Every structure is written in C-alpha cells, then in structure tokens.
Amino acid sequence: MISADKLSNLLLDLYRACREMAISDFQRHALAQVARFLPFDAVWWAMVTQMENGRYYTHDSYLNGMPEDCPELLNLTEQDNLIAQTCSRSPGVCFHFTKEQIFSNVPTAMLAQHMGIENVLCIASRSGIPQLTTFLSFCRGSGGAAFSEHERRLCESLMPHLTDMLQASVVAQIASIRTRDSGSRSAMAVTDALGML
C-alpha cells in the first residue's frame, strides 16, 4: 500500500520529469516509478482519436512488454474488444479484467493470447482536446497475481495526473523546438497520422 507521503513524492517527481524529459523518456520514467507501487508485466499507454463513426484510432502508443504490432491489432479489433469498449464508455473509471472475463470474449481473448496477458487494469481518460482519449493498461501474464482493489484505486487516482503530465510533456517538447528556432515566426500544432488535431 502506498502512503500519502510516498504518493506525494511520486507525483512531485513525475511533474518535474514531464517538463524536463522527452516524451518517451518521460513515459519510461513514469512507468518505472509507478511499478514500485503497482507492479506489472506489460503496459500500454496510448492516445487515441475518436472518429466520426464512433470508432477509436490509436495514433500514439507506448508499449513495454508487448509485441510491437499491438497498436495495429487494437485498431483492427477495437469495436469488438471488451476492454476498449468497457473503458471508453466510462472514462475516469479503472476496470479490472480477470482472465475469465478476458477469455470470455473471443476478439479480446485472441489479443490477450498474442500479448501474453491474463490480468488487466485499464482506464480511459478524456482530455480537453476534442475527440482525444488517453488509455492506460497495466497487464500481468500467466501465473501473475490478480490486481488488488487497492491497485485498481491507485491506477484510478494516478490517471488524471498522468494524462495531464503527458500533455505537459508534449507542450514542453514543442516549446523546446520553438526555442531552438526562435529567430523565425512559426506556429505548431500536434496532429495524428490522419491530420486530426
């Protein structure tokens, strides 16, 4: 169980890191720090865009302990994926998916088997940017202990901070690029591969 002091120190460290590190370095650092209190075998941290047809398109993924083709497979199966559908309907709520739940849904079971996972904590967070949702999944593989209610609540408490930190890291990286090119007038925007802001 994480104490209030340790949680405070963790958040202070991560808020500093999000301003000072490149995006992927920040994500690696943040997850290494979180793993001290919420151990996992694999993690997926992604930004997705909600399309006009209601489907989600993953355009930015940070993977650790998962096959590299996971974002592509998630895009192909998103509408039938139990985890994606459950979390997208209730942003801000962290859900614990057991092996039995995961393997009761064929598309989700196929993905889980490919990823080597059996136990998942997943949460979706909507940002201030329209159509942009951040997903974070902590996973444990075969033989791993089930996530506890305390770990589920910790994930739910951390997610708003991690979402804000990720956006702050993007802004800091853009500001750093603009500072290097301060002699010219410029404007920048972040878009996904489909040109969505």
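**A walk through the sheet, helices and cores**

Visitor: How many strands form the sheet, and in what order?
Guide: In this predicted model, 5 strands make up an open sheet, ordered β2-β1-β5-β4-β3, with antiparallel pairing.

Visitor: Which are the edge strands?
Guide: β2 (56-64) and β3 (95-97), each of which pairs on one side only.

Visitor: And the twist?
Guide: From one strand to the next, the twist averages 20 degrees.

Visitor: How many bridges join β4 to β5?
Guide: Strand β4 (residues 119-126) and strand β5 (residues 132-140) run antiparallel and are joined by 8 bridges. Asn119 stands opposite Arg140 in β5.

Visitor: Which strands does helix α2 touch?
Guide: Helix α2 (residues 23-34) packs on the sheet and touches β1 (42-50), β2 and β5. The direction of α2 makes about 130 degrees with that of β1.

Visitor: What about α4, which strands does that one touch?
Guide: Helix α4 (residues 82-89) also packs on the sheet, where it touches β2, β3, β4 and β5. Its direction makes about 40 degrees with that of β4.

Visitor: Switching to helix pairs. How do α1 and α2 cross?
Guide: The axes of helix α1 (residues 4-20) and α2 cross at roughly 170 degrees and come within 10 Å. Angles over 145 count as roughly antiparallel, so α1 is roughly antiparallel to α2.

Visitor: Which residues meet there?
Guide: From α1, Leu10, Asp13, Leu14, Arg16, Ala17 and Cys18; from α2, Phe26, His29, Ala30, Gln33 and Val34. By class, this contact of α1 with α2 has 7 nonpolar, 2 polar and 2 charged residues.

Visitor: At what angle do α3 and α6 pack?
Guide: Helix α3 (residues 70-77) and helix α6 (residues 106-115) pack at about 175 degrees, with axes 11 Å apart. They are therefore roughly antiparallel to each other. Cys70, Leu73, Leu74 and Thr77 in α3 meet Leu111, His114 and Met115 in α6. That contact has 5 nonpolar, 2 polar and no charged residues.

Visitor: New topic: the largest nonpolar core. Which residues touch the most other members?
Guide: Trp45, Leu136 and Phe138, out of 32 residues in that core. At least two residues each come from α1, α2, β1, β4, β5 and α7 (149-180). The largest share, 8 residues, is supplied by α7.

Visitor: What is Leu136 in contact with?
Guide: Leaving aside neighbours within four places in sequence, Leu136 is in contact with Leu31, Val43, Trp44, Trp45, Leu121, Cys122, Ile123, Met159 and Leu162.

Visitor: What does the second core include?
Guide: That separate core has 22 residues, among them Val48, Ile83, Cys87 and Phe97.

Definitions and conventions: Residues numbered from 1 in each chain as written. Predicted model: local features only at pLDDT ≥ 70, side-chain atom pairs only at ≥ 80, totals over all residues. Heavy atoms only, no water. Axes fitted to C-alpha atoms, helices over the stretch in contact; angles between N-to-C directions. Helix = DSSP H or I, 4+ residues; strand = E, 2+ residues; numbered from the N terminus. Parallel < 35°, antiparallel > 145°, perpendicular 65-115°, else oblique. Contact = heavy atoms within 4.5 Å. Nonpolar A, V, L, I, M, F, W, Y, C, P; charged D, E, K, R; others polar. Pairing = 2+ DSSP bridges. Core = buried A, V, L, I, M, F, W, Y, C linked by side-chain atoms within 4.5 Å. Buried < 20%, exposed > 50% of the residue type's maximum accessible area, 1.4 Å probe, protein only.
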